[in-house]
Each structure stands twice: as C-alpha cells, then as structure tokens.
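Subject: Structure handover

Hello,

Here is the structure I promised to pass on. Please open it first, then read my notes below.

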Number of protein chains: 2
Amino acid sequence: LQMANDICIEQTIEFPIDLVQNEFILNQVVGHLESFEKIGDCSYKAKISFHVDVAAFELTQVLNVIFGNISLKPGIVASEIELPDTLLQYFKGPRFGLEGIRRILNVYDRPLLGTALKPLGLSAKELGNLAYQFAKGGIDIIKDDHGLADQAYAPFQERVKYCAEAVQKANAETGSASIYVPNVTSSFTNILPRVYFAQQTGARGLLLAPGLVGFDTLRAISADESVHLPILSHPSFLGCFLSPAGGFSHYALLGQLMRLAGADAVIFPNYGGRFPFTRVECENIVKGLKVDLGRIKKIFPMPGGGIQIEMLPELSRIYGKDVIYLIGGDLFRHSQDLIESCRYFHDMVVKYKDQPDLTFSPA
Amino acid sequence: LQMANDICIEQTIEFPIDLVQNEFILNQVVGHLESFEKIGDCSYKAKISFHVDVAAFELTQVLNVIFGNISLKPGIVASEIELPDTLLQYFKGPRFGLEGIRRILNVYDRPLLGTALKPLGLSAKELGNLAYQFAKGGIDIIKDDHGLADQAYAPFQERVKYCAEAVQKANAETGSASIYVPNVTSSFTNILPRVYFAQQTGARGLLLAPGLVGFDTLRAISADESVHLPILSHPSFLGCFLSPAGGFSHYALLGQLMRLAGADAVIFPNYGGRFPFTRVECENIVKGLKVDLGRIKKIFPMPGGGIQIEMLPELSRIYGKDVIYLIGGDLFRHSQDLIESCRYFHDMVVKYKDQPDLTFSPA
C-alpha cells in the first residue's frame with residue numbers, strides 16, 4: 001500500500017507530500033489510488049489514476065507518468081493502461097490496422113504470410129533476389145531483417161531499390177499484391193529521409209523498432225500526413241521492460257502501447273521458438289491489439305522468432321485468421337527450392353485457416 | 001557457452017548457422033566469442049566482438065547489435081562496452097563535459113550545486129519565483145523537474161521565459177553565473193522547436209530523458225551545430241534496463257552510453273535515497289563517466305533522488321569535487337526560508353569540498 005501511494009507521488013510531484021498545502025496540487029496533480037487488493041502471497045494489484053492534464057497530451061509524457069521514475073524501483077509492473085477519451089483523441093493510432101493491411105494485399109479470408117530478408121551480410125542485389133523468390137512463392141509481406149540498417153554490403157537506398165523492384169516484378173508475373181517493407185529504424189536525423197525515400201522508391205510498408213528510436217517516433221511517422229504506408233513494429237531493445245521483476249505486461253507494452261503509438265502490425269517472438277515467451281503471454285499481446293480502444297483501430301499480431309511451418313495447425317487454433325505469420329529460417333530449412341518452401345507455407349496456411357479458434361473452445 | 005554463441009548469431013544474422021556457407025558472413029558479420037569464463041556459481045562472463053561494419057555507424061544500430069534481440073532473452077547483462085576508434089570517430093560525444101560546464105558557471109574549485117523546480121502543478125510564475133530564490137541562494141544549476149512538460153498550468157514557453165528571466169535577475173544581483181535548464185523531453189515533432197526556443201529565450205542548458213525520446217535523439221541534439229547548450233540526461237523510463245535479471249550494468253548504461261550519446265552530466269538516484277541504487281552501483285556510474293574513451297570528454301555525475309544536505313560530508317568522500325549534487329525536497333524541509341536553505345547547502349559543499357576521496361583511501 002505504501003508502494004502504491006508512493007507511485008502516486010513519484011510519478012507526479014516528486015516532492016515530500018507533507019510539505020504540500022496547495023489543494024489544487026493535492027487533488028488534481030498527485031495520482032489517486034482507486035483500488036488496492038492482494039492478488040498473491042506477496043503481490044498486490046493497485047489501480048491508480050492520474051489527471052489527464054498531467055500527461056500534457058504527448059506520448060513521451062504519457063509514458064513518463066505511467067512508468068518514468070518508477071522504472072527505477074523494482075517490483076512494479078504496469079499491467080493494464082486505461083486511457084480516457086479526452087487523451088485518446090490526441091492520438092490517431094494506426095492508420096491502416098487489420099482492414100487497411102488486408103485491403104493493400106487484397107487478401108481477406110486467410111492469415112497473412114510474412115518473412116524476413118536475411119542473413120545480414122548479403123548484398124542489396126542478393127537480398128533483391130531473395131525478395132523476388134519470396135514474392136513469387138506467395139509471401140504477402142517481405143520485410144527487412146531488423147538488423148539491416150545502412151551497412152556497406154547492402155546500403156539502405158540500394159537495398160530498397162532492388163527489393164522493391166524485385167517484388168513488383170514478381171507481382172506482375174503472379175498477379176498478387178505482395179509488399180516489400182524496409183527497415184527504417186535509424187538515427188533521429190536519418191529516419192524521415194529514409195521513410196520518404198522508401199515511399200518514393202516503391203516500398204509498401206515500413207519496419208520500425210520503437211525500443212531503439214522511441215515510441216513517439218513511431219507515433220510521429222504513423223501520423224505524418226505525407227506518409228501512406230503501414231508500419232510493422234519490432235520489439236528489439238524492449239525485452240527488459242517485460243521482466244516480471246518490474247516493467248510492463250506483454251498486454252500493455254506490445255499490445256496497447258504499440259497500437260496507441262500507431263503500429264499496424266506488431267512483431268513479437270512466438271512461444272516455443274528461440275525466445276522464452278509463453279503461449280499465455282502471446283495471447284495477451286493479441287488481446288491488447290484487439291481490445292476495444294474507442295476509434296483506435298485493431299491491428300495484426302505478427303508472431304515470429306523461430307516458427308516452423310509444421311506448427312501452423314496448432315497456431316491457427318490460437319491466432320485465428322487475423323494474424324501475420326512471420327517465418328524466416330524455416331523456409332530455408334524446408335527445401336533447397338525457396339519458392340517451393342513458400343508455396344508449402346502458403347498451402348499449410350490455407351489448409352488450416354478454418355480451424356476452430358482454441359480460445360473459444362472448451363478447455 | 002551456448003548462450004554466448006547464440007548472442008553472436010542472434011545479434012547479427014538471426015539465421016540457422018548450419019545453413020550459412022558464405023565465408024564472408026561467417027567471418028565478418030557473425031559475432032565472435034573472444035573469451036569465456038565462469039565468474040560465479042551460475043554466472044559466466046563472455047567477451048563478444050562484432051565487426052564495426054555491422055553497426056553501420058549509427059547509434060540506433062550500435063544499440064541494436066549490443067542488446068536488441070537479446071533484450072528478449074533473460075539472464076544476459078551487457079556489463080562493459082568497448083568501442084573501437086573507427087566507430088568512436090563517428091560520435092562527437094559531449095560538447096561541454098566537465099570543463100565546459102565549469103567554464104559556463106565560472107566555478108572551478110568545488111562540487112556544483114543543482115536543484116529541481118517542483119512540485120508539478122505550480123504556475124510558470126510560481127516556478128520562476130522559485131528559480132529566483134534558488135539562484136539567489138547560490139544554486140549553480142536550476143533544472144525543471146523532469147515531469148514538467150507542457151502542462152496547462154505551466155506551459156513550456158511561458159515557464160522558460162519566467163524561469164530564465166528570474167535566474168538572470170538573480171545573477172545580476174549576486175554576480176554569479178547560475179543557469180536555468182528546462183526539460184525539453186517531448187514528442188519527435190516538438191523537441192527541436194523546444195530546444196531552439198529554450199536557447200533563444202535564455203535557457204543555459206537542456207534536460208533530456210533518453211529513455212523517453214531515444215538515445216539517438218540525445219546524440220542528435222548534442223551534435224546539432226546550432227545548439228550551444230550543455231545537456232543533463234535524466235534516467236526516467238530506463239530502470240528496467242538495470243535489472244540483474246538482464247540488461248545493462250550501471251557502468252555501461254548510465255556511464256558509457258549516456259556519455260557516448262552526448263550528455264554533459266548524468267542524473268541518477270543516489271544510494272540511500274528514494275531509489276534502491278547501491279553505493280557500488282553509483283561508483284560504477286561515475287567510473288563510466290570518467291573512464292578514458294579517447295577524445296570523448298569526461299562528464300559530471302549528478303546524483304539526486306532524495307539526497308539530504310546532512311549526507312554531504314559522506315558524499316564528498318565518494319564523489320570528490322567533480323560532481324553536481326542534486327537536492328530538491330530537502331531544501332524545503334531544511335528551513336522555511338528557501339534562500340537560507342540554499343546558502344546552507346552551499347556552505348556545506350564548500351566546507352567538505354577538500355575531504356580525502358574515499359576511493360583512494362585504504363579500506
């Protein structure tokens with residue numbers, strides 16, 4: 001209880017409360033403890049409200065109020081964020097969302113297929129060649145690996161040119177509408193030029209890691225009137241926030257905040273892959289992406305990080321149809337012929353697309 | 001050992017290593033394990049090197065290579081970062097550093113005095129009035145509390161005007177060179193306009209929380225040729241990175257990285273205050289701020305977060321002279337007369353400035 005009261009003060013006035021006589025500050029600036037309950041042997045759930053004016057209608061300050069200074073104190077997890085309409089109206093949220101991305105790809109009745117251009121170290125031309133094969137094999141969303149920046153072996157501009165052209169060529173041959181999504185994560189000064197270059201050069205989406213550039217940079221690009229591309233968010237550098245020792249819940253960080261900041265799809269490591277996310281954590285992310293948030297659009301989960309094609313029967317029962325499967329390495333492992341691997345991936349997705357959703361079936 | 005080898009791959013190619021035949025990628029892209037040793041019952045120390053080209057000479061990608069994807073795996077701490085000269089030359093580092101800040105304040109022979117304008121909820125005029133009293137009492141650096149953004153009760157522009165004027169007025173009366181440092185932490189779109197407005201309106205420094213805006217935003221503002229103000233960095237939102245369960249050491253994050261990104265002074269919670277930092281952790285931050293980093297300047301530690309004036313005899317033996325003490329609430333507690341409290345703070349700093357440094361005395 002003391003910790004909860006402490007949060008009310010630390011996140012606002014940071015001042016000895018006994019020295020404050022000003023009624024306005026005590027009532028409208030300091031946070032208020034709305035409820036408090038014991039939920040485990042040593043854990044408690046507190047609901048704390050802050051006056052909307054404290055957040056000053058900027059995402060940086062919203063994050064600061066929710067978790068700024070208390071990030072420095074262990075044992076506090078922001079499990080769920082409720083934002084009032086007066087604050088939500090300052091955020092446009094995702095521009096495309098579930099429906100917008102489906103419209104771009106012209107695919108309405110099945111999960112979407114995603115993959116990543118890798119490994120780092122290939123030339124722009126080699127990556128373009130990979131992109132062509134992926135598109136030819138029926139992958140909907142072909143994104144840069146998030147480690148592709150502006151390395152000498154595949155400079156950003158050259159890479160975008162080769163890969164965008166390659167996907168357009170494949171689309172012309174197949175009649176599909178696959179998209180190439182370059183990684184624009186970069187310095188404060190380079191990021192907008194890269195976004196604009198990508199858009200002009202035929203990229204049809206943007207990959208961005210808000211852990212590296214800041215959540216508000218994601219918001220700004222998503223809200224930029226001259227940018228007309230959906231955004232995939234990547235969780236790089238955000239893992240420490242997901243510690244049970246203190247941070248955010250998967251629901252709040254990778255679900256609610258990514259969506260509030262304007263991502264149209266959220267990449268995260270699927271359970272059972274190279275990362276230690278559990279199935280429940282993945283389901284909670286999906287809830288955060290699809291929970292009602294007023295006029296803020298619902299968006300796609302994009303599980304990846306070691307998914308194998310053979311997991312699709314199971315995954316289809318968990319994620320349903322509104323999901324983008326991100327499979328990288330396993331396409332190379334499945335067969336020497338990459339186009340053939342992609343077609344197999346595609347067939348498996350179609351085959352299992354109408355599995356009953358596990359979350360609605362009896363336990 | 002498997003985890004260390006895994007880091008080499010996960011942070012670069014993110015690809016099944018057995019499927020890579022390309023010699024260039026294996027030698028110059030994948031990370032290399034330089035050494036590996038057991039340092040505790042269940043802990044190991046690995047030294048891993050990455051080819052400088054992988055980092056692509058951008059801070060976002062440097063952070064991505066050091067700790068991007070592995071932030072999502074528990075149990076990994078980046079304890080020390082070695083940056084080669086070929087990479088360091090792309091970073092200007094702090095523009096002012098220890099010496100530059102001393103020159104601005106014209107104080108060479110004692111620790112510097114800092115305080116914060118608070119509580120949040122006061123009007124711009126009231127904050128200006130506080131700033132005047134602080135400067136009058138001899139505080140060198142008067143900064144915004146980091147929760148002051150652009151709230152309706154004290155809008156950014158109005159606040160900067162009142163506070164900068166108040167400090168100038170006090171300086172004219174005392175002959176000192178105190179500085180007002182506003183918080184410019186804000187959205188991607190607002191931050192540069194706030195920086196320029198602050199500079200034009202008489203602010204003499206900038207407060208920035210890279211956890212909220214991204215480390216590269218700090219770097220960009222520090223490197224901006226039209227900005228001539230020292231930067232204080234604030235640790236808001238960075239706490240989760242300091243967990244022993246995975247993240248960075250205090251030395252690497254609040255020491256090395258803040259400095260590499262261009263902070264001239266680093267604010268952090270002192271041990272024994274409102275936050276759970278230990279004395280050793282604080283000492284390690286200081287080491288990171290002062291360790292030799294080629295031509296990257298040494299910078300000031302700025303411990304705060306609940307320091308009481310009575311701790312100065314002890315603290316002076318730990319931090320020596322090159323420190324900025326940040327004392328907020330305790331100035332209000334010490335006396336009803338704020339100017340009198342500041343003078344007492346000042347006298348205590350002067351009285352204990354020549355204490356032998358504990359770190360050089362026998363245990």
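Let me start with charge pairs. Across the interface of chain A and chain B, the rule finds 8 salt bridges. Keep in mind that this is a predicted model. One salt bridge to look up joins the side chains of B:E58 and A:R194, at 3.2 Å from N to O.

Polar contacts come next. Between chain A and chain B, 38 residue pairs are in polar contact, with both residues at pLDDT 80 or more.

Which elements of chain A supply at least two residues each to the side that touches chain B? They are α2 (23-28), α3 (59-67), α8 (191-200), α9 (210-213), α10 (215-223), β9 (247-248) and α14 (329-334). The most comes from α3(A), which gives 5 residues to that side of chain A. By class, the side of chain A that touches chain B holds 36 nonpolar, 24 polar and 14 charged residues.

Now the extent of the interface. In chain A, 74 residues are in contact with 74 residues of chain B. The area buried between the two chains is about 6600 Å². Carbon and sulfur atoms give 64% of that area. In chain A, the residues that lose the most area to chain B are A:L72, A:F188 and A:F237. Together they make up 13% of what that side buries.

How are the two copies related? The same surface serves both copies, as 100% of the contact residues of chain A recur in chain B.

Is B:N270 buried or exposed? B:N270 counts as buried because its relative accessibility is 1%, and the cut-off for buried is under 20%. The side chains of B:N270 and B:Y319 are joined by a polar contact of 2.6 Å. Leaving out residues up to four places away in sequence, B:N270 touches B:F275, B:C282, B:P303, B:G304, B:I307, B:M311, B:L315 and B:Y319.

Best wishes

Methods:
Residues are numbered from 1 along each chain as its sequence is written. Chains are lettered from A and ligands numbered from 1 in the order in which they are written. This is a predicted model: local features need pLDDT of at least 70, side-chain atom pairs count only at pLDDT 80 or more; totals for chains, interfaces and linings use all residues. Side-chain values use heavy atoms; hydrogens and water are left out. Contact means heavy atoms within 4.5 Å. Buried area is the accessible area (1.4 Å probe) that two parts lose on being put together, summed over both. A salt bridge is a side-chain nitrogen of Lys or Arg within 4 Å of a carboxyl oxygen of Asp or Glu. A polar contact is a pair of N or O atoms within 3.5 Å; within protein, one must be able to donate a hydrogen and the other to accept it, and residues adjacent in sequence count only if both atoms are side-chain atoms. Helices (H or I, at least four residues) and strands (E, at least two) are DSSP runs, numbered from the N terminus. Ala, Val, Leu, Ile, Met, Phe, Trp, Tyr, Cys and Pro count as nonpolar, Asp, Glu, Lys and Arg as charged, and the others, Gly among them, as polar. Buried means under 20% relative accessible area, exposed over 50%, partly exposed in between (1.4 Å probe, protein chains only).
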